Amino acid sequence: MKTTLMTRRVFLAALLCLLVPALAWAGNLVSGQRFGANNEIVVTFSEPLAPAVAGEAANYSVHEEADPDIRLAVSEVVLSEDGRTATLKFPAPLNTVKTHVVSMAGAGAAESFRVSKSYFGYLLGILISALLINNFVFTKYLGLCVFFGTSKRKDTAKGMGITFTIVMVASAIMSWFFYQFILKPFGLNFLQIVIFIGLVSLTVQAVDTVLRKVNPALFNAFGVYLVLVIANCVILAVPLILADNEYNFFETVMLALGAGGGFLLALYLMSSVRERMELANVPRAFKGVPIAFIVAGQFALAFLGFSGLSLF
Amino acid sequence: MATDKTNLQLVVNGILNENPIFRLVLSMCPAVGISTTVMNGFMLGIAVLFVQVFSSCTIAIFKDKIHPRIRIPTYTLTIATWVTVIDMVLAAYLPEAYAKMGIFIKLIVAFAIITMRLEMFACKESVTASFWDGIGMGLGFMFGMMALGFVRELLGLGTVLGYDVLGFKPLLFFILPFAGFFCVGLMMGFFNYIEARYRRAKRA
């Protein structure tokens with residue numbers, strides 16, 4: 001009984017803490033701001049405003065925090081009926097990673113506020129994107145050899161996916177260090193492919209040795225496929241992508257985790273279907289690999305549904 | 001150990017019996033990812049042919065010097081070197097095609113087919129045999145990609161190599177990215193069916 005009371009008190013306290021910033025905001029005219037769709041900023045006001053003030057595109061001026069000289073034109077402002085929410089629309093998609101500064105004129109006094117995504121949300125966004133929206137197997141079509149080779153049984157799929165994720169994260173971190181501190185300073189960018197694949201082989205060799213000692217059963221189950229991790233496009237694609245996009249350390253870890261997790265997810269989904277398919281009456285010409293491709297195509301179609309997803 | 005096949009047999013073997021895409025089911029990523037047109041398939045096929053032939057020859061020349069324990073990393077680094085060469089050549093001379101191919105040129109390093117041919121063939125055979133085997137495998141890959149590209153371009157856009165052939169677009173579905181999976185699956189099933197029919201006809 002006592003513990004539940006305590007929990008409730010703690011919960012209430014936490015709720016209060018959450019509410020405090022909202023109370024502090026109430027003094028201001030603008031009570032909330034966020035990015036809407038990729039070319040929208042949604043502003044919430046603490047009191048209803050007249051459409052002539054808040055609904056006029058000319059009253060707003062928007063720029064990215066980093067370059068105040070480049071003004072982003074607001075093409076249209078839609079004010080909600082109660083006059084408390086204005087949606088600023090832009091002709092081109094905004095770079096929602098950057099912090100934007102919005103200045104408002106004419107509302108009694110000039111008001112200026114900043115719109116940004118939290119960095120944590122941005123990192124999670126990279127993870128979710130690599131996991132679902134840009135799933136390496138189903139929307140980027142990479143790593144298919146290993147994908148079709150090891151998705152026959154669930155156990156193998158799980159083991160392969162987890163090993164792959166570990167190798168992926170380790171080699172991506174090493175690649176990032178090499179790229180940032182050796183390749184870039186010395187202008188050796190043309191060696192990218194050779195260095196990255198060398199690092200991957202090194203990691204694979206290490207995992208091979210460790211796994212052989214720690215879990216011989218799992219090692220036997222993989223057979224040739226641990227070697228084939230080297231022959232998996234995803235493991236090379238991730239270092240190349242992070243070098244192209246100049247990702248920092250945390251972004252790199254998130255991308256690698258997302259890529260590995262996405263591969264694990266794809267393998268697990270596929271192996272579940274293929275186990276059931278063993279029992280299905282498939283035309284003889286399509287038995288085995290061809291039907292697996294068609295199933296993968298259906299998965300790819302389903303993953304297309306994630307394309308508009310944006311959580312943060 | 002030398003192979004008992006003639007050079008021509010080696011080439012034909014790569015194109016038909018051991019076609020990398022439809023028979024060995026290796027290097028599926030580009031087959032699904034960028035086989036939307038015949039031209040794409042041809043360009044990537046050329047790059048793979050180049051890398052395969054040169055890596056096969058390199059390994060065949062140095063096969064006695066390579067310690068068996070480190071052979072896989074050696075293969076990988078050899079392939080990576082030749083891929084860097086073709087990557088830079090294409091980026092310099094054919095920037096448009098290179099941009100279309102995107103990351104796939106660099107990813108030739110990770111194509112299972114090349115490593116597998118080095119492991120299965122080039123490290124045991126003479127330089128000449130490896131050369132012809134490389135040609136066969138490269139051409140097999142190229143023809144596989146072009147066949148896929150042909151089907152997808154014809155059914156999706158009604159064109160072949162950019163020229164309008166049909167005058168209408170029968171199934172726009174096939175040009176969409178994910179249709180690569182369906183296309184590969186259907187064509188593989190179709191070839192299996194043809195082969196089964198052929199075998200039965202031969203026996204009867």
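Student: How many helices and strands does the secondary structure of chain A come to?

Tutor: Helices (H or I, at least four residues) and strands (E, at least two) are DSSP runs, numbered from the N terminus. In chain A they come to eleven helices and eight strands. This is a predicted model: local features need pLDDT of at least 70 and side-chain atom pairs pLDDT 80 or more, while totals for chains, interfaces and linings use all residues. Residues are numbered from 1 along each chain as its sequence is written, with chains lettered from A and ligands numbered from 1 in written order.

Student: Into which domains is chain A divided?

Tutor: Domain bounds come from an automatic or database domain assignment. Chain A is divided into domain 1 (26-117) and domain 2 (120-306), and the C-alpha centres of these two domains lie 41 Å apart.

Student: What span is expected of helix 6 of chain A, and which of its residues are buried?

Tutor: The expected span of a helix is 1.5 Å times one less than its number of residues. Helix 6 of chain A (residues 192-214) has 23 residues and reaches 33 Å from its first C-alpha to its last, close to the expected 33 Å. A residue is buried if 20 or more other C-beta atoms, placed from the backbone, lie within 10 Å of its own; it is exposed if 12 or fewer do, and partly exposed in between. The buried residues of this helix include A:Q192, A:I193, A:F196, A:L199 and A:T203. An α-helix has 3.6 residues a turn, so residues three or four places apart point the same way.

Student: What percentage of chain A and of chain B is buried?

Tutor: Buried residues make up 33% of the 312 residues in chain A. Of the 204 residues of chain B, 50% count as buried.

Student: Why does the radius of gyration of chain B agree with that of a compact globule?

Tutor: The radius of gyration is taken over C-alpha atoms, and the globule rule is 2.2 Å times the number of residues to the power 0.38. With 204 residues the rule gives a value near 17 Å, and chain B has 18 Å, which agrees. The C-alpha trace of chain B spans about 60 × 55 × 25 Å along its principal axes.
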